[in-house]
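Good morning, everyone, and thank you for making time for this.

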Amino acid sequence: KQTERCMQGSLHREGINMVKAEDLTLIEKASLLSGQSEWESRELKHRNVPAFVMSDGPNGVRRQTGSGDHLGLGESKPATCFPTAGTVANSWDPQEARVMGEALGAEARDLGVQVLLGPGINMKRNPLCGRNFEYYSEDPQLAGRLAAGLIEGIQSQGVGACPKHFAVNSQELRRQASNSIVDERTLREYYLTAFEIAVKEAKPWTIMSSYNMVNGVYAHENEHLITEILKGEWGFDGLVISDWGGSNDIVESARVGAGLEMPAAGLASARQVVQGVKDGHVTEAELNASAQDVLNTVERTRNTHPTGDGFLTEDDKIRNHEIARRIARKTAVLLRNEKNALPLKKNAKLVVVGDMAATARYQGSGSSKVNAYRVDNLLDSLKAREDLQVVGYAQGYDRQGAERADLVKEAVNTVNTTNPDVVVACIGLDERSESEGLDRSHMRIPQAQLDMLAELVDTGKQIVVVLVAGSAVEVDFADDVDAIL
């Protein structure tokens, strides 16, 4: 019943008198508009207003211990790493996204997280954006419907979802100073459509504003985006949270209805808001509305305790890993398949080549990086098959892109000496190529991998490429190989 009430957005809790912003003092409600730590809202103990805990989590819960950070640098508690949004989109299946959301929400509850910061639904306007692996699509309809499924799944567990980054956030380069200049029709038809679908269909409890300016005004203080469109036209009744460090003027954000700046800013922000009321820059009614959004989120998440319930069993974790595996299987894309190279023939002899075959590349870097409970890799999975024979493995290339003729030679020698039916070459983008905070400068995969692949093609063996990347890449080698998965 509690979950049902959460889904309906009900704020009533038996035995609890909900605190109203209008009953608080000026400094109390001003203090609610910024966090008290890296991941917590501010509590008011004497008012029975607890803090709620937020965590990164587009494709897995990144629950950090200690003070934490928002760049994925510090250690986090183990969790299931689900496929990234760029992969999930290939399923074209909102129901599968919902199942993933249910599992994410359950793990968030287990780890004491009350608001999960995701999904990312910005448009892939620039194929070089370093964060494209975190976003669903360049198609706003697909992105919006998959996001709605994920949000519904997360919130069915009593955990708030936080779609991001609102809005027109298509690059990582100078993301905190860039200005997205866009006409109204393009804004409506392209950049906002996915958010509109997600807000209207799934009713997320929170939404995250983006770092950039939109037509000269920072997103977290943008009246047109927040007051007029999000809250006015779409009827969003949740909390607008700044991206971490994305609040520039807390008085202005309070005025337009953006309720929470993160992370903690001490009480300097509260003093600025109080002064802003006294100076007439923001009315007390506007401050009440923004503070009430924070209080509403406290009530919606009150049953998800920040200490963590610890209710997930080992069987639950195994089940969630299977959900991740099933989604990944649905999202594999066959790009090329000459002479029926795939599926692999029964009892085929294989040589597996590529560092990424032995050490899986399955997520990008930055704030979405998950400390996975379990990671499967291609090499071990192929070895475990009773109907296939792995007769050799070679690293083939340096993972960081250094030219290594010795590794290429070893790979070619392995193929020549074992005489396999098929060479399975696992190549793709390395970890440094896809990350929050930076964009790619080109669409090529590392040259060291291409050089190795060319040498393998010269052996005359059937070549099956397993291509691992969270973003679009050039495949000039396509005509030289038999299959690309």
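When I say that two residues are in contact, I mean that they have heavy atoms within 4.5 Å. This is a predicted model, in which local features need pLDDT of at least 70 and side-chain atom pairs count only at pLDDT 80 or more, while totals for chains, interfaces and linings use all residues. Residues are numbered from 1 along each chain as its sequence is written, and side-chain values use heavy atoms, with hydrogens and water left out.

Let me start with Y136, which, leaving aside its neighbours within four places in sequence, is in contact with a list of residues including A85, V88, P119, I121, L146 and L150. A nonpolar core is a set of buried Ala, Val, Leu, Ile, Met, Phe, Trp, Tyr and Cys residues joined through side-chain atoms within 4.5 Å, where buried means under 20% relative accessible area, exposed over 50%, and partly exposed in between, with a 1.4 Å probe and protein chains only. The largest such core has 58 residues, and Y136 and F166 are those with the most contacts inside it. Helix α5 gives the most to this core, with eight residues; helices here are DSSP runs of H or I with at least four residues, strands are runs of E with at least two, and both are numbered from the N terminus. Apart from this core lies another, of 40 residues, among them L342 and V464.

Now, where is N222 placed? N222 sits in the loop between β7 and α8, and this residue is buried, with a relative accessible area of 6%. Not counting residues up to four places away in sequence, N222 touches V214, V217, T227 and V256.

I will finish with charged side chains, and with salt bridges, each of which is a side-chain nitrogen of Lys or Arg within 4 Å of a carboxyl oxygen of Asp or Glu. The structure holds 33 of these salt bridges. In one of them the side chains of E284 and K29 meet, at 2.9 Å from N to O, and this pair links distant parts of the chain, since E284 belongs to helix α11 and K29 to helix α2, 255 residues apart. Here E284 is partly exposed, at 38% relative accessible area, whereas K29 is buried, at 2%. R62 also forms a salt bridge with D56, with the closest N and O atoms 2.6 Å apart, and both residues are buried.
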